[in-house]
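Q: I've got a new structure to look at and I'd like to chat it through. Can you walk me through it once it's up?

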Amino acid sequence: SGYLITSILLREASRTQAISSLRFYARRVRRLLPAFTVCVLCVAIGYRLLVSSVVIDEVRSSMYAATLYGENFYQMWIDGDYWAEPAETSPMRHCWSLAVEEQFYLVHALVFKAAVWWCVGTAIPSAQGVGESVQDAEHGDGVKIASLDRSKGGGD
């Protein structure tokens, strides 16, 4: 997943000499939000219909944390230790991995955007070059370079 996202960002940087945070996060929302919304709604409706109100109150906080991509921090807060046995069971507990992924991409995209901004006009690895360098690493071939500065004849 990290390789895929990085290659998408590299292609965008090669094509436009910039990274659009809005486009990046809009793609993430279009891909994740529909299924995630269905999951949260099914849990909310299912718990409302099938479980007592006491349990619903316990799960509500977990649902809020999952919706804000903070389920991993919420679990650490209620359990006191990230790796501890769960203090409570929750149907949203599995969302910890989605939270970690989204937190990573929040940081990754911003760092990558800053790196592209810093490197405009200089050579950076192209998406194709990175992929080929991974495949050719054992042969000792170098990474292809694409210039972000179009006036220098850069690009793939």
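Q: Which helix does Arg 27 lie in?

A: Arg 27 lies in helix H2. A helix here is a DSSP run of H or I with at least four residues, a strand is a run of E with at least two, and both are numbered from the N terminus. Before we go on, this is a predicted model, where local features need pLDDT of at least 70 and side-chain atom pairs count only at pLDDT 80 or more, while totals for chains, interfaces and linings use all residues. Residues are numbered from 1 along each chain as its sequence is written, and side-chain values use heavy atoms, with hydrogens and water left out.

Q: Okay. What does Arg 27 touch, not counting residues up to four places away in sequence?

A: Ile 8 and Glu 12. Contact means heavy atoms within 4.5 Å.

Q: Is Arg 27 buried, exposed or partly exposed?

A: Arg 27 is partly exposed, because its relative accessible area is 29%. The cut-offs are under 20% for buried and over 50% for exposed, with partly exposed in between (1.4 Å probe, protein chains only).

Q: And what do the side chains of Glu 12 and Arg 27 meet in?

A: They meet in a salt bridge, at 3.6 Å from N to O. A salt bridge means a side-chain nitrogen of Lys or Arg within 4 Å of a carboxyl oxygen of Asp or Glu.

Q: Is Arg 28 buried or exposed?

A: Arg 28 is buried, with a relative accessible area of 6%. Glu 101 is partly exposed at 24%.

Q: What else is Arg 28 in contact with?

A: Leaving aside neighbours within four places in sequence, Arg 28 is in contact with Ile 5, Leu 33, Glu 101, Glu 102 and Tyr 105. There's a network of salt bridges too, linking Arg 28, Arg 31, Glu 101 and Glu 102.

Q: Let's switch to H5. How many residues does it have, and how far does it reach?

A: H5 covers residues 96-119, which is 24 residues, and reaches 34 Å from its first C-alpha to its last. That's close to the 34 Å expected at 1.5 Å a residue. The expected span is 1.5 Å times one less than the number of residues in the helix.

Q: Which residues of H5 are buried?

A: Leu 98, Ala 99, Glu 102, Tyr 105, His 108, Ala 109, Phe 112, Val 116 and Cys 119.

Q: Why would residues three or four places apart point the same way?

A: An α-helix has 3.6 residues a turn, so residues at that spacing point the same way.

Q: How about H1, how many residues are in that one?

A: H1 has 15 residues and reaches 21 Å from its first C-alpha to its last, close to the expected 21 Å. Its buried residues are Ile 5, Thr 6, Ser 7, Leu 9, Leu 10, Glu 12, Ala 13 and Ser 14.

Q: What follows H1?

A: Gln 17, whose phi is positive, near 60°.

Q: New topic: which residues form a nonpolar patch on the surface?

A: Leu 41, Ile 45, Leu 49 and Leu 50, with about 480 Å² of accessible area together. Patches are made of residues with over 30% relative accessible area and no salt bridge, joining like charges within 9 Å and nonpolar side chains (Val, Leu, Ile, Met, Phe, Trp, Tyr) within 5 Å. The areas come from the Shrake-Rupley method with a 1.4 Å probe, and for residues only the protein chains shown count as cover.

Q: Where does Leu 50 lie?

A: Leu 50 lies in helix H2 (residues 21-50). Leu 50 counts as exposed because its relative accessibility is 75%.

Q: Zooming out, what does the secondary structure of the chain come to?

A: Six helices and two strands. From the N terminus on, the elements run α-α-α-α-α-β-α-β.

Q: And how much of the chain is buried?

A: Buried residues make up 34% of the 156 residues. The accessible surface of the chain comes to about 9800 Å², and 65% of that belongs to carbon and sulfur atoms.
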